[in-house]
Amino acid sequence: MTLTQQVITVAMCVLGTMATRFLPFIIFSDKRPTPKYVHYLGKALPAAVFGLLVVYCLKGVSVFSGSHGLPELIAVAVTAALHIWKKNMMLSIVGGTACYMLLVQLVF
Amino acid sequence: MQKTVVRRRALAAAFPYTVPIFAGFWFIGLAYGVYMNVSGFSFWYPLLMSMTIYGGSLEFLTVSMLLSPFAPVQTLLVALMVQARHLFYGISMLDKYRGLGWKKYYLIFGMCDESFSINYSAKIPEEVDRGWFMFFVTLLNQLYWVSGAAVGGLLGGIISFDTKGLDFVLTAMFVVFFVDQWLREERHYTAVIGVGSSLLCLIFFGPEGFMIPAMVCILALLTLFRGPVERAGGLA
């Protein structure tokens, strides 16, 4: 690839990313009231999206080989349990991550 | 004078929320910079790409696209597919980003998974300016990512990673946001729809192609069950 082609390739990635980030704000601008359906989606989507993001983070985990996804399962459970118990974001994240690091470095 | 106080207070409130992102972004950003370096690119590439594209998984993909024959249309389509989930973030943030002047444009530009999650979920204290709070969350997160990528690109193969498993910090963060949202809602229809659709699509379509089908499923189910979900109430 020439430098120009590289610049265009990166520009296409920027364009694709920004299209997905700006589109909803362009379609549903401040000037017109947001349709009720879209307003409903805005309220209903986040819980679903957080679920999607957790699955997205764990998509590479193989249940049928290696450690069978056990370290991930345990660490997610520890993170969730810590958070339900103490409701302290930092504690849950640090605790869950430390648990995962110990599991993959020492146990599995 | 008054403005400085407002900004400083917002920065002080925003910073603690971004600490886990610092750990996660520096780790993954470094790995990305190193990957670009060993693929034969100077540190300018990870620096400029992390500033302009600012989306982790796509940036990793761009490396292999830069090493392949020139295909701009295909590149654009891949970018749109990988990043499509941002459409959902935008729909969720329509109200929260409203009326923030010039800051709104930067907030939308920098709306990655992590900045969206914090800005959507954070309980911003009343005395803190919402616009500046979300601005600093977004800015700090981007600074972590760009600096991590640039340093990784500079150091290249010199670094060896003995921090195995640290990348779990971002997974843990999304688990926390998920649990937070779960505890806040009386009924859990939407959370179950999200996890269920994602898992089923992951099984059927595999890790590389499940995002778009999962998003379509979520949208279809939320539309189909709009009545029960709205009647259940308690949507936070």
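Domain bounds, as used here, come from an automatic or database domain assignment. On that basis chain B of this predicted model is divided into domain 1, residues 2-162, and domain 2, residues 185-236, and the C-alpha centres of domain 1 of chain B and domain 2 of chain B lie 26 Å apart. The contact between them takes 5 residues from domain 1 of chain B and 6 residues from domain 2 of chain B.

The size of an interface is often given as the accessible area lost when the parts come together. For domain 1 and domain 2 of chain B the buried area is about 490 Å², and carbon and sulfur atoms give 83% of it. On the side of domain 1 of chain B, M81(B), R85(B) and F88(B) supply 74% of the area buried against domain 2 of chain B, which is more than any other three residues supply.

The two domains of chain B also meet the reader again at the largest pocket, whose lining draws at least three residues from each of domain 1 and domain 2 of chain B. This pocket has a volume of about 1,100 Å³, and of the 43 residues that line it, those closest to its centre are Y56(A), C57(A) and K59(A) from chain A, together with G56(B) and S57(B) from chain B. When the lining of the largest pocket is sorted by residue class, 25 residues are nonpolar, 9 are polar and 9 are charged.

The second largest pocket has a volume of about 670 Å³ and is lined by 24 residues, with V55(A), L58(A), V63(A), L199(B) and L202(B) lying nearest its centre. Two or more residues of this lining are given by each of helix 2 (36-57) and helix 3 (70-86) of chain A, and by each of helix 9 (168-184) and helix 10 (189-209) of chain B. Helix 10 of chain B gives the most to the lining of the second largest pocket, namely 6 residues. By residue class, the lining of the second largest pocket comprises 17 nonpolar, 5 polar and 2 charged residues.

A last stop is F22(B), which lies in helix 1 of chain B, residues 2-38. Its relative accessible area is 39%, and F22(B) is therefore classed as partly exposed, since that term covers values between the 20% limit for buried and the 50% limit for exposed. Along the sequence F22(B) and Q142(B) are 120 residues apart, whereas in space they are 9.5 Å apart, C-alpha to C-alpha.

Technical notes: Residues are numbered from 1 along each chain as its sequence is written. Chains are lettered from A and ligands numbered from 1 in the order in which they are written. This is a predicted model: local features need pLDDT of at least 70, side-chain atom pairs count only at pLDDT 80 or more; totals for chains, interfaces and linings use all residues. Side-chain values use heavy atoms; hydrogens and water are left out. On a 1 Å grid over the protein atoms alone, a cavity is a set of points where a 1.4 Å probe fits but cannot get out, and a pocket is an open set with protein on both sides within 12 Å along at least five of seven lines; lining residues have an atom within 4 Å of a point. Grid points are joined across faces, edges and corners, and a volume is the space filled by probe spheres set on the points. Ala, Val, Leu, Ile, Met, Phe, Trp, Tyr, Cys and Pro count as nonpolar, Asp, Glu, Lys and Arg as charged, and the others, Gly among them, as polar. Helices (H or I, at least four residues) and strands (E, at least two) are DSSP runs, numbered from the N terminus. Buried means under 20% relative accessible area, exposed over 50%, partly exposed in between (1.4 Å probe, protein chains only). Contact means heavy atoms within 4.5 Å. Buried area is the accessible area (1.4 Å probe) that two parts lose on being put together, summed over both.
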